[in-house]
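Welcome, and thanks for taking a look at this one with me. Below are a few numbered points to read alongside the structure.

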Amino acid sequence: MNPKIAAYLRDRAPATPCLVLDVDTVEANYRRLMAAMPLARVYYAVKANPAAPILERLTSLGSAFDAASWEEIEMCLEAGARPDAISFGNTVKKVSAIQAAHEAGVTMFAFDSEPELLKLARHAPGARVYCRILVENKGAEWPLSRKFGCEVEMAKKLMVQAGELGLDPYGISFHVGSQQTSTGAYEAAIARVAMIFTDLKEAGINLRMVNLGGGYPVRYRAEVPEIDAFGDAIMGAMAAHFGNALPEIVVEPGRFMVADAGVVEAEVVLVSRKGEEDPVRWVYLDIGRFGGLAETEGEAIRYAFRTPHDGDAEGPVTIAGPTCDSADTLYEKSNYRLPLALEGGDRVQLLSTGAYVTTYAAQRFNGFRPLAEHYI
Ligand SMILES: *Cc1c(COP(=O)(O)O)cnc(C)c1O
């Protein structure tokens, strides 16, 4: 575990459940990503963790931001980001949000449908727009399915229409799914984007930007490829398809930037069995699906645990949260094992929980308070 976080937990023993996040690690991750992809511009996906200390540190490092709502845009502006360093990346936006962003000076907007494009033409005239296309999410542990993006033929037609509507047809984006463990997913998507660039050039439209989205994985229980492997694969594919005429490259890391900077500390509320002979113990924590661990849905993201008894004999467990909803069961099928000595009152740590935890917490379901947050 990160020694700075370990010292904080030891010395302060903050009330649980809480997230402790080391902002220096966020900076280190930003620098690692820039080293892996020096030609890319980083637009941090604010939704992964919108805490002010993170946004402020990234602003000071020159990062740009991918925001999904007017409220996220406001958070970036409050952290000192310039409006032209903010991309309004949600393809589903309220008119009032488009208007507010446009008035605040945001110039870059995503879309994936004609009605959204018409909204942008009307409420953000002249904006730089990029169309999100559907791509395969195979290899992603948290896939984004078909909710966002459109088919290639539609994207081409809409980019032509964008120009006719007085917008600036700026580029194409995709998202290969979150916690994407295959570098090939990016290579396949880049090939698809390159064909759109070529076809639109023939139609007289010169696109200038490729937005590779997020997805860069972090280590939870299992090893994942290093960020350099993604950088090499991506830059190799860009060079193969675009040659010397490289467009601007945008990346939107969320998870990669903040996950391993954070540790959730929780208290074990109860360890019990359903029958005297049942080998499986149920371990109930004071944080669960509704306390912020939403990505345990379908046991998709499998966090690594630390306990005070690590190294002692272990046995199988089902891990659950404290609320009265049975959906608040975190892991039943993922073969978790925890020490036999674990008991109520122990403090445990969930590693690499800096992403997609704090803002996913419900408002006092069963009365439980949302997760406390400490940025150090
Ligand atoms: C969620 C999201 C991201 C960040 O994805 P990660 O997998 O956390 O890197 C980037 N871009 C868009 C458009 C998103 O919706």
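**Notes for a first look**

1. Let's begin with charged pairs: the count of salt bridges comes to 16. Please keep in mind as you read that this is a predicted model.

2. Now for the ligand. The space it takes is the largest pocket. Around the ligand there are 13 residues, and those that come nearest are Lys 47, Ser 178, Glu 252, Arg 255 and Tyr 356. How does this shell divide by residue type? It holds 3 nonpolar, 5 polar and 5 charged residues.

3. In Ser 178, a side-chain N or O atom is 2.4 Å from a ligand oxygen. For His 175, a polar side-chain atom lies 3.1 Å from an oxygen atom of the ligand. Gly 215 takes part through its backbone, where an N or O atom lies 2.8 Å from a ligand oxygen. On its own the ligand has 390 Å² of accessible area, and the protein covers 91% of that.

4. Lastly, some backbone geometry. Most residues other than glycine have a negative phi, and most peptide bonds are trans. Tyr 356, named above among the residues nearest the ligand, has a positive phi, near 55°. Tyr 356 sits in the loop between β18 (347-350) and β19 (372-375). Elsewhere, Thr 16 and Pro 17 are joined by a cis peptide bond, with omega about -5°. Pro 17 is in the loop between α1 (3-12) and β1 (18-21).

Terms used:
Residues numbered from 1 in each chain as written. Predicted model: local features only at pLDDT ≥ 70, side-chain atom pairs only at ≥ 80, totals over all residues. Heavy atoms only, no water. Near = heavy atom within 4 Å. Polar contact = N/O pair within 3.5 Å; in protein donor to acceptor, adjacent residues only side chain to side chain. Areas by Shrake-Rupley, 256 points an atom, 1.4 Å probe, with all protein chains shown as cover. 1 Å grid on protein atoms, 1.4 Å probe; cavity = no way out; pocket = protein on both sides within 12 Å on 5 of 7 lines; lining within 4 Å. Sits in = over half its atoms within 2 Å of the grid points. Nonpolar A, V, L, I, M, F, W, Y, C, P; charged D, E, K, R; others polar. Salt bridge = Lys/Arg side-chain N within 4 Å of Asp/Glu carboxyl O. Helix = DSSP H or I, 4+ residues; strand = E, 2+ residues; numbered from the N terminus.
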